[in-house]
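I opened my notebook to record what I looked up in this structure. My entries follow in the order I made them.

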Amino acid sequence: GENVGLHLPTLSVQEGDNSIINCAYSNSASDYFIWYKQESGKGPQFIIDIRSNMDKRQGQRVTVLLNKTVKHLSLQIAATQPGDSAVYFCAEKLNAGNMLTFGGGTRLMVKP
Amino acid sequence: NAGVMQNPRHLVRRRGQEARLRCSPMKGHSHVYWYRQLPEEGLKFMVYLQKENIIDESGMPKERFSAEFPKEGPSILRIQQVVRGDSAAYFCASPRDPGGNTIYFGEGSWLTVV
């Protein structure tokens, strides 16, 4: 079964607003997490990652938050732009494992 | 795609034919992952290979699917006697650093079985 899941299948936001995409995971042994962005007809594009010994990490316009207590991961996108429209996947990895386990994805739609 | 090259990008096969998908990882790297993505779904792990060695094939279907990564040349995912349910996008990925956690994906090969 899946270890990673998402709360919302589709998120619609206004251009310029902030977006928050959520992800729940069930395997407390996971110690590494990645967010990917996938545009139609393309491969997943790495956005940002975080290790389990951190609770927050910031990139350019993106922030990932990790709450290990409730096994929750979120991706925050500041000042959302039309180019941010895509499907976003979270993925988890076990320290001793070799594979990433993906969630089902959230579609982000940015309204101009 | 950070240098992960896949071909063909699109492949059409009739039921019963064979499909071969190729992947070259980032230059100098010797590990590849293969993932499958059905329409409107997430990516599912299939197999993890090192050159001349299969490290983890726990996600591979028991029949008709095989993967290899020879000493020379690209990694190949082979699907024999394709069925309509094999229609999907197949992605290859490579760690950014040897043995690293950060994994970069290629642009995928879209297989359509008619």
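**Entry 1: one serine**

I began with a side-chain pair in this predicted model. The side chains of B:Ser75 and B:Trp34 are joined by a polar contact of 3.0 Å. I then looked for a backbone partner. The side chain of B:Ser75 also reaches the backbone oxygen of B:Glu68, at 3.0 Å.

Next I asked myself: is B:Ser75 buried or exposed? I found a relative accessible area of 0% for B:Ser75. B:Ser75 counts as buried because that value is under the 20% cut-off.

I looked up what surrounds this serine. I left aside the neighbours within four places in sequence. The residues in contact with B:Ser75 include B:Leu21, B:Arg22 and B:Cys23. B:Val32, B:Trp34 and B:Leu49 are also among them. B:Glu68 and B:Phe69 are on the list too.

**Entry 2: the sheet**

Which strand holds B:Ser75? I found B:Ser75 in strand β8 of chain B, residues 75–79. I then followed β8 into its sheet. This open sheet in chain B has 4 strands, in the order β1-β3-β8-β7, and the pairing is antiparallel. I noted β1 (5–7) and β7 (65–68) of chain B as the edge strands, since each is listed as pairing on one side only. On average, neighbouring strands of the sheet are turned by 15° against each other, direction ignored.

I checked one pairing in detail. β1(B) pairs with strand β3 of chain B, residues 19–24, in the antiparallel sense. I noted 3 bridges for this pair. Which residue stands opposite B:Gln6 in β3(B)? I found B:Cys23 there.

**Entry 3: where chain B meets chain A**

I turned to the two chains. I noted 23 residues of chain B in contact with 21 residues of chain A. How much area do chain B and chain A bury between them? The value is about 1700 Å², with 53% of it on carbon and sulfur atoms. B:Leu43, B:Asn101 and B:Phe105 supply 30% of the area that chain B buries against chain A, more than any other three residues.

I then went through the contact types. I found 0 salt bridges between chain B and chain A. I found 7 residue pairs in polar contact between chain B and chain A, both residues at pLDDT 80 or more.

Last, I looked at which strands take part. β4 (31–37), β5 (43–50), β6 (53–56) and β10 (103–105) of chain B each supply at least two residues of the side that touches chain A. β5(B) gives the most to that side, with 4 residues.

Methods
Residues numbered from 1 in each chain as written. Chains lettered and ligands numbered in written order. Predicted model: local features only at pLDDT ≥ 70, side-chain atom pairs only at ≥ 80, totals over all residues. Heavy atoms only, no water. Buried < 20%, exposed > 50% of the residue type's maximum accessible area, 1.4 Å probe, protein only. Polar contact = N/O pair within 3.5 Å; in protein donor to acceptor, adjacent residues only side chain to side chain. Contact = heavy atoms within 4.5 Å. Pairing = 2+ DSSP bridges. Axes fitted to C-alpha atoms, helices over the stretch in contact; angles between N-to-C directions. Buried area = accessible area lost by both parts, 1.4 Å probe. Salt bridge = Lys/Arg side-chain N within 4 Å of Asp/Glu carboxyl O.
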